[in-house]
Amino acid sequence: MVIDLRSDTVTRPTKTMQEAMWSAPVGDDVMGDDPTVNALQDKAAALFGMEAALFCASGTMTNQLAIRVHTQPGSDVICDKNSHIYLYEGGGIMLNSFSSVKLLDGDRGRINAAQVADAISPEGDIHATVSRMVSLENTMNKGGGCYYDFEEIKAVRKVCDQNGLVLHLDGARLFNALVETGETPRQFGKVFDSISICLSKGLGCPVGSLLLGTKEMITKAKRFRKVMGGGWRQAGFLAAAGIYALDNHVDRLKEDHARARAIAEIFMQKQEVEDIYPVDTNIVIIRIASHISAPGYVRTLAESGIQAVTFGKNLVRFVTHHDFSDDQLTEMRARLLK
C-alpha cells in the first residue's frame with residue numbers, strides 16, 4: 001500500500017462524484033452555453049455573495065487572472081515573501097502582468113495591516129512602482145496550513161480602502177480555514193475584491209478553480225483566460241464535480257485536519273525530527289536534523305511506501321486529503337514507529 005501525502009491534489013473522484021460528472025448536461029463554455037459550468041459559477045458567486053465567478057483550469061490561472069485584471073504594467077503586488085503567487089506560479093506576476101512585488105515577512109506567511117501600510121509606494125514617487133494590489137493567502141501553504149484572524153483581514157481591508165488598493169485572496173484552501181474558524185464564505189466575499197478558490201485540493205475534484213469578483217472584473221478575466229488558451233468547451237463534466245464537492249466535501253475537511261494532527265504526533269516520536277510546525281489544518285511540515293538531507297529523507301520515506309515532498313532546507317511536507325483514511329494512518333504509524 002502506497003500512502004500518498006505529497007499533496008491534496010492527488011485525490012481521485014469518488015464514485016458518486018463520477019456519477020454526477022457523467023450525468024451532467026454540457027454545452028460549449030466558450031460560447032457561454034454550458035449549463036453545468038454556468039450553474040457552478042452561479043452557485044459559487046451566490047455562496048460568497050459576490051456578483052460573478054469564472055471556472056478555470058487551476059488556481060495558478062485564477063490568481064494570475066486576478067493580478068492581470070487588477071494591475072497595470074509597472075505597478076506592484078504586496079504579498080508575503082512565501083506567497084504561492086510569488087514562489088510557485090512561474091514568475092507569472094512579471095510575465096503576465098508586467099508588475100513587480102513588494103515582499104513582506106509575515107507570521108508564517110500572514111501579513112498584517114501595519115506591514116501593508118508601510119509597503120505602499122509614496123504617491124507621486126516616480127522612482128517607485130505604483131502600489132495597486134494586496135494579496136493574502138488563506139490557508140498559508142508555506143506556513144503549514146495556518147489561517148488568518150478575520151479581524152486582521154478586516155484591518156488590511158481598511159488600509160486598502162484608505163489607499164485605493166484592491167484586495168485579493170488566494171483561497172486555494174479557504175474551506176479548510178472556514179471549517180476551523182466557523183466564518184462564512186459571505187464574510188470573505190464582503191471583504192475581498194476578488195477570491196480564488198481551488199476545487200482540486202481539499203474538495204477532491206479532478207480539475208479546476210474558481211475566480212470570484214464583480215461582473216465587470218470577471219468579464220475582463222474571461223477575455224484574458226481566452227488569451228491564455230484557457231477557454232473551455234464541454235467543461236460541464238468537470239464543473240459537475242465542483243458542484244458535487246461544494247455540496248458534499250466541505251464539512252468532512254475536519255477529518256483531514258484530525259489525521260494531520262495524528263501524523264504530527266507520530267513524528268514527535270522520531271529522533272531525527274527537530275521541530276514540527278503547528279498543525280492548524282491539513283498540512284504537516286517537519287524540520288529534520290541538519291545533518292540529514294530533506295531529499296534523502298523523502299527517498300527513505302518512499303522506500304517504506306510513504307510519499308511526501310521536500311519543502312525547503314531540512315523541511316518535509318505532508319498533506320492529508322479524502323483519499324487518506326484512518327486505516328492508512330494506522331499503517332503509517334506502524335511503518336514509522338516499528
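# Exercises: loops, strands and cavities

Arg108 lies in the loop between E4 and H6; helices (H or I, at least four residues) and strands (E, at least two) are DSSP runs numbered from the N terminus. The model is predicted, so local features need pLDDT of at least 70 and side-chain atom pairs pLDDT 80 or more, while totals for chains, interfaces and linings use all residues. Residues are numbered from 1 along each chain as its sequence is written, and side-chain values use heavy atoms, with hydrogens and water left out.

## Exercise A: Arg108

**Task.** Describe the phi of Arg108, its accessibility and its salt bridge.

**Solution.** 
- Step one, backbone: phi of Arg108 is near 55 degrees, which is a positive value in a residue other than glycine. Most residues other than glycine have a negative phi.
- Step two, accessibility: with a relative accessible area of 23%, Arg108 is partly exposed. This class lies between buried (under 20%) and exposed (over 50%), computed with a 1.4 Å probe on protein chains only.
- Step three, partner: Arg108 forms a salt bridge with Asp280, and their closest N and O atoms are 3.2 Å apart. The pair links distant parts of the chain, 172 residues apart, with Asp280 in the loop between strand E9 (273-276) and strand E10 (283-288). A salt bridge here is a side-chain nitrogen of Lys or Arg within 4 Å of a carboxyl oxygen of Asp or Glu.

**Task.** How many salt bridges does a search of the whole structure find, and which parts does the pair Asp29 and Arg225 tie together?

**Solution.** 
- Step one, the total: the search finds 19 salt bridges. Side chains of opposite charge can pair when their charged atoms come close.
- Step two, the pair: in the salt bridge of Asp29 with Arg225, the closest N and O atoms are 3.2 Å apart. Asp29 lies in the loop between helix H1 (15-22) and helix H2 (35-48) and Arg225 in helix H10 (residues 215-227), so the pair ties together parts that are 196 residues apart in sequence. Both Asp29 and Arg225 are buried.
- Step three, another pair: Asp4 forms a salt bridge with Arg6, at 2.6 Å between the closest N and O atoms. Asp4 is buried, at 17% relative accessible area, whereas Arg6 is partly exposed, at 35%.
- Step four, a network: salt bridges link Arg157, Asp161 and Asp193.

## Exercise C: The sheet

**Task.** In what order do the strands of the open sheet stand, and are the residues of strand E7 buried or exposed?

**Solution.** 
- Step one, the order: 7 strands form the open sheet as E2-E8-E7-E6-E5-E3-E4, with mixed pairing. Strand E2 (52-56) and E4 are the edge strands, each pairing on one side only. Two strands pair if DSSP finds at least two bridges between them.
- Step two, the pairs around E7: strand E6 (residues 166-171) pairs with E7 in the parallel sense over 4 bridges, and E7 pairs with E8 in the antiparallel sense over 4 bridges. The residue Ile197 is the bridge partner of Gly171, and the partner of Ile197 in E8 is Leu210.
- Step three, burial: 5 of the 5 residues of strand E7 (residues 194-198) are buried. In a regular strand the side chains alternate between the two faces of the sheet. Ser194, Ser196 and Cys198 point one way from E7, and Ile195 and Ile197 the other way.

## Exercise D: Cavities

**Task.** How many cavities of 30 Å³ or more does the search find, and how do the residues of the lining of the largest cavity divide?

**Solution.** 
- Step one, the terms: on a 1 Å grid over the protein atoms alone, a cavity is a set of points where a 1.4 Å probe fits but cannot get out, and lining residues have an atom within 4 Å of a point. Points are joined across faces, edges and corners, and a volume is the space filled by probe spheres set on them.
- Step two, the count: there are 2 such cavities.
- Step three, the largest: this cavity holds about 50 Å³, and its lining includes His84, Asp170 and Lys201. The lining divides into 1 nonpolar, 3 polar and 4 charged residues. Ala, Val, Leu, Ile, Met, Phe, Trp, Tyr, Cys and Pro count as nonpolar, Asp, Glu, Lys and Arg as charged, and the others, Gly among them, as polar.

Key
On a 1 Å grid over the protein atoms alone, a cavity is a set of points where a 1.4 Å probe fits but cannot get out, and a pocket is an open set with protein on both sides within 12 Å along at least five of seven lines; lining residues have an atom within 4 Å of a point.
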